[in-house]
Amino acid sequence: MDMLDATVTATAPSPPVVVDDAALARAAAAGDTRAYERIYRRHSPRLYALLWRLCGGNAARAEDVLQETFIQAWRKLPQFRFESALATWLHRLAVNTALMELRGATFESLDIGESGMDLLAEMADTPRCHATGMDLERALLTLPPRARAVLVLHDIEGWKHQEIAVELQMAVGSSKAQLHRARSLLRTRLGDAR
Amino acid sequence: MNNHDNNHDEVLAQRLRDLPAERIPPAAVWERISAGLEQTPRSEPIVVASVSPLADAVARRAPRRHWPRHAAAAAVVALVGVASVLLLPRQPTAAVAIEESSLQHQANTITYQYRQAMATIPQENLPVELQPALRELDASAGSIRSAIAQSPDAGFLLGQLQRTYALRLELTRKGLNPAGLST
């Protein structure tokens, strides 16, 4: 753990010297790679969890996106104006990178139905009662990419449909429909559809 | 939607929010990023114009590894293609290149189809020695896609992308069937 991380608790043996994101970002923007590594250590676990889900549990893909996100961020940091929190900026950059291929109308038709449903069907033999967090995580990964992206961004990350629609270049109504579909698929998978 | 559905949605959403918020990435990710930083040009402060696209594409690549020659050759060809198009004079409208072009759209479709194909192949038992080559091909595909984003008129890059994905699929399949893997 980064000892200077703001998340260090009061149980630590001595009060940590907290360097805030803005200070680290300014140092990194000036070329300080050690400051940038601290930014990475602080934010990458949160971003990797998000990317891992957006990438359907494909660890190699999630790692590539995480790498690309931080390379892009390094390049763009000198332009960062601190109008938003660094965490928010990195979050947006990561989502934008991960969802690049999900944009466009083509995928509206391609991902409706078959792939996700097939995967769900393959998992049908798994006991459906007493679904645990792991079950939910696994079921989440089987969703069609676009529906999964909407569900992750809305229900886990707290995005609004308007924001999702802009990010995925879809109508707000489509975002709502994808969310409804994703939740239905999840409930079916978990065996608690009612 | 009635109250019953709303309640179920809220229960499900709460369970989703309770999933782990963090996941530690492998140490190798930072190592690759760190190796790439030195080669990554920085943007000028508050200036929208982009940086050298060639250097950018090179910087995005993972550090060099040892891998099968035929895969190396294909990736080099792909990178030469990427480099050649990125060396062309840039349009002055680079700042708006974020908008998806027709070429990007086709590239996205190819990428989607490739991933659909990959999803049908179990990859748990791939030989360890093949992993660097596969990762390098992934990096090459990423560089080509970056080049497409920056040069939306370079149609030949689509072919490069297709060939790179085809090689990736071929290597993956051969990796699962070692008898067909040339040395």
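This is a predicted model: local features need pLDDT of at least 70, side-chain atom pairs count only at pLDDT 80 or more; totals for chains, interfaces and linings use all residues.
Residues are numbered from 1 along each chain as its sequence is written, chains are lettered from A and ligands numbered from 1 in the order written, and side-chain values use heavy atoms, without hydrogens and water.

Of the 194 residues in chain A, 52% are buried (under 20% relative accessible area, 1.4 Å probe, protein chains only).

Then the fold. I found 10 helices and zero strands in chain A (DSSP runs: H or I of at least four residues for helices, E of at least two for strands, numbered from the N terminus).

I picked one helix pair in chain A. The axes of α2 (residues 33–54) and α8 (residues 145–156) come within 9 Å and cross at roughly 145° (lines fitted to C-alpha atoms over the stretch in contact, angles from 0 to 180 degrees between N-to-C directions). Leu50(A), Arg53(A) and Leu54(A) of α2(A) meet Arg148(A), Ala149(A), Val152(A), Leu153(A) and Ile156(A) of α8(A) (heavy atoms within 4.5 Å). I sorted these residues into six nonpolar, no polar and two charged (Ala, Val, Leu, Ile, Met, Phe, Trp, Tyr, Cys and Pro are nonpolar; Asp, Glu, Lys and Arg are charged; the others, Gly among them, are polar).

Last, I checked Arg145(B), which lies in helix α6 (residues 131–150) of chain B. Arg145(B) counts as buried because its relative accessibility is 12%.

Note on methods:
Buried means under 20% relative accessible area, exposed over 50%, partly exposed in between (1.4 Å probe, protein chains only).
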